[in-house]
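Q: Could we go through this structure together? I would like to start with the side chains.

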Amino acid sequence: MLQGLPALASPQARLLVLGSFPSVASLAAGQYYGHPRNQFWPLLSALWGQDLRAMPYEQRCEWVTHRGLAVWDVYASCQREGSLDADIRAAAPNDLQALVRGLPELRAIAHNGGESARSLRVTQALGLPVFRLPSTSPANASWSFERKLQAWREVFAFAGLLDEHQEEDEGSKRPHGQP
């Protein structure tokens, strides 16, 4: 049984991004989105105009939590050979309700990919807007980086995680992932 990583969150979080379960590379590194081809950190870097990948992981985590982002996974543990979400078996859910109770500023929850979004009913019951974002995984090659960036930008703007000039550029668009 594989164990996941602890939540990356602070009380000022306004957006919670939920993955499914860390990849083999992420677990080995003890870091969220640790696979070198995962686009999570490059997307955040593009959204915030800050090269997060150039920072040590601990500093990167402090930077994103200070900006209002929380990161966790829907599964606390599972059985899986390799890193594919399709191979997840015997998954035990994380206590998302307890985490959300500790995040009084939270404005929205976003699922990073399809496997995470299988928990939509659980997250929708938490009383916040819930979005389904395109996966940042290297396995999601059907979406270009630019298309992913646009979808992620809309959700980050909705949650108030972009600077004023970035939000003005986006106007008042409603995120596509809104159910």
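Q: What sits over the ring of Trp143?
A: The charged end of Arg147 does, 3.7 Å from the ring centre. A charge counts as over a ring if NZ of Lys or CZ of Arg is within 6 Å of the ring centre and within 35 degrees of the ring normal. The model is predicted, so local features need pLDDT of at least 70 and side-chain atom pairs count only at pLDDT 80 or more, while totals for chains, interfaces and linings use all residues. Residues are numbered from 1 along each chain as its sequence is written, and side-chain values use heavy atoms, with hydrogens and water left out.

Q: And which residue lies over the face of Trp41?
A: Arg60, at 4.8 Å from the ring centre.

Q: How many aromatic pairs are there?
A: The structure holds nine. Rings of Phe, Tyr and Trp (its six-membered ring) pair if their centres lie within 6.5 Å; planes under 30 degrees apart count as stacked, over 60 as edge-to-face and the rest as tilted. Phe40 and Trp152 form an edge-to-face pair, 5.9 Å centre to centre with 80° between the planes. Phe40 is in helix 2 and Trp152 in helix 7, 112 residues apart. Helices (H or I, at least four residues) and strands (E, at least two) are DSSP runs, numbered from the N terminus.

Q: Are Phe40 and Trp152 buried or exposed?
A: Both are buried. Buried means under 20% relative accessible area, exposed over 50%, and partly exposed in between (1.4 Å probe, protein chains only).

Q: Why is the pair of Trp152 and Phe156 called tilted?
A: Because the planes stand at 40°, with the ring centres 6.0 Å apart. Trp152 and Phe156 are four residues apart in helix 7, which means about one helical turn separates them.

Q: Changing topic, how many salt bridges are there?
A: The count comes to two, a salt bridge being a side-chain nitrogen of Lys or Arg within 4 Å of a carboxyl oxygen of Asp or Glu. One joins Asp163 and Arg67, at 3.2 Å from N to O. Asp163 lies in the loop between helix 7 and helix 8 and Arg67 in the loop between helix 3 and strand 3, so the pair ties together parts 96 residues apart in sequence.

Q: And where does Arg118 come in?
A: Arg118 forms a salt bridge with Glu115, the closest N and O atoms being 3.3 Å apart. Arg118 is exposed at 65% relative accessibility, whereas Glu115 is buried at 12%.
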